[in-house]
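Visitor: I have a new model to look through today. Could you show me the sequence and structure, and then take my questions one at a time?

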Amino acid sequence: MSFLSRLFGPSVPKITSTELNEKMKFGKHPLVLDVRQPEEFRQMHIKGAKLVPLTEIYKHLGELPKGREIVCVCATGSRSRSAAKILAKEGFTVFDMQGGMAAWKHAKFPVQKG
């Protein structure tokens, strides 16, 4: 492991909102892991997303599938990057969605409320 990897954690592949939308329609159906707070999630989220706030991610590692792609999502991409690095370090196949829900909404992809 390089010095930078030890310092900043593993690098995590990024995915755009368009790429995630395509995967969800035609691909492998990754687990969308929303790492925002519950009140943010209730306002708007991607249909089928699992809510695990970043602050609780270590408590929920055992609930996450190791054999399935996971795409971390937050509001703008900062918390999801942190979550994705944690999951990558734990051996998960994980992506960080660039731009978060702001990018998803800007692309006019469907959202769910509640």
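Visitor: Over the face of which residue does K66 lie?

Guide: Gladly, with two notes to begin: this is a predicted model, where local features need pLDDT of at least 70, side-chain atom pairs count only at pLDDT 80 or more, and totals for chains, interfaces and linings use all residues. Residues are numbered from 1 along each chain as its sequence is written, and side-chain values use heavy atoms, with hydrogens and water left out. A charge sits over a ring if NZ of Lys or CZ of Arg is within 6 Å of the ring centre and within 35 degrees of the ring normal. At 4.7 Å from the ring centre, K66 lies over the face of F92.

Visitor: Over which ring does the charged end of K23 sit?

Guide: The side chain of K23 also makes a polar contact, at 2.7 Å, with the side chain of E69. Such a contact is a pair of N or O atoms within 3.5 Å; within protein, one must be able to donate a hydrogen and the other to accept it, and residues adjacent in sequence count only if both atoms are side-chain atoms. As for the ring, its centre is 5.3 Å from the charged end of K23, and it belongs to F95.

Visitor: Is E69 buried or exposed?

Guide: E69 is in the loop between β3 (50-51) and β4 (70-73), where strands (E, at least two residues) and helices (H or I, at least four) are DSSP runs numbered from the N terminus. Leaving out residues up to four places away in sequence, E69 touches K23, K28, P30, L31, T93 and F95, with contact meaning heavy atoms within 4.5 Å. Buried means under 20% relative accessible area, exposed over 50%, and partly exposed in between (1.4 Å probe, protein chains only). With a relative accessible area of 11%, E69 is therefore buried.

Visitor: Within what arc do the buried residues of α4 fall?

Guide: In α4, the buried residues are S80, A83, A84, I86 and L87. What covers them includes β2 (31-34), β4 and β5 (94-97). The arc is that of the directions from the helix axis to the C-beta atoms. The buried residues of α4 line one face of the helix, because seen down the axis they fall within an arc of 160°.

Visitor: How far apart in space are I57 and I86, C-alpha to C-alpha?

Guide: I57 is in the loop between β3 and β4, and at 0% relative accessibility it counts as buried. Beyond its neighbours within four places in sequence, I57 is in contact with L33, V35, V52, A83, I86 and L87. I57 and I86 are 29 residues apart in sequence, yet their C-alpha separation in space is 8.4 Å.

Visitor: How many aromatic pairs does a search of the whole structure find, and which rings are involved?

Guide: Rings of Phe, Tyr and Trp (its six-membered ring) pair if their centres lie within 6.5 Å; planes under 30 degrees apart count as stacked, over 60 as edge-to-face and the rest as tilted. The search finds one pair. Its centres are 4.9 Å apart and its planes at 55°, so the pair is tilted, and the rings are those of W104 and F109.

Visitor: What is the phi of K108 near?

Guide: K108 is found in the segment after α5 (100-106), and at 72% relative accessibility it counts as exposed. Most residues other than glycine have a negative phi. K108 has a positive value in a residue other than glycine, near 65°.
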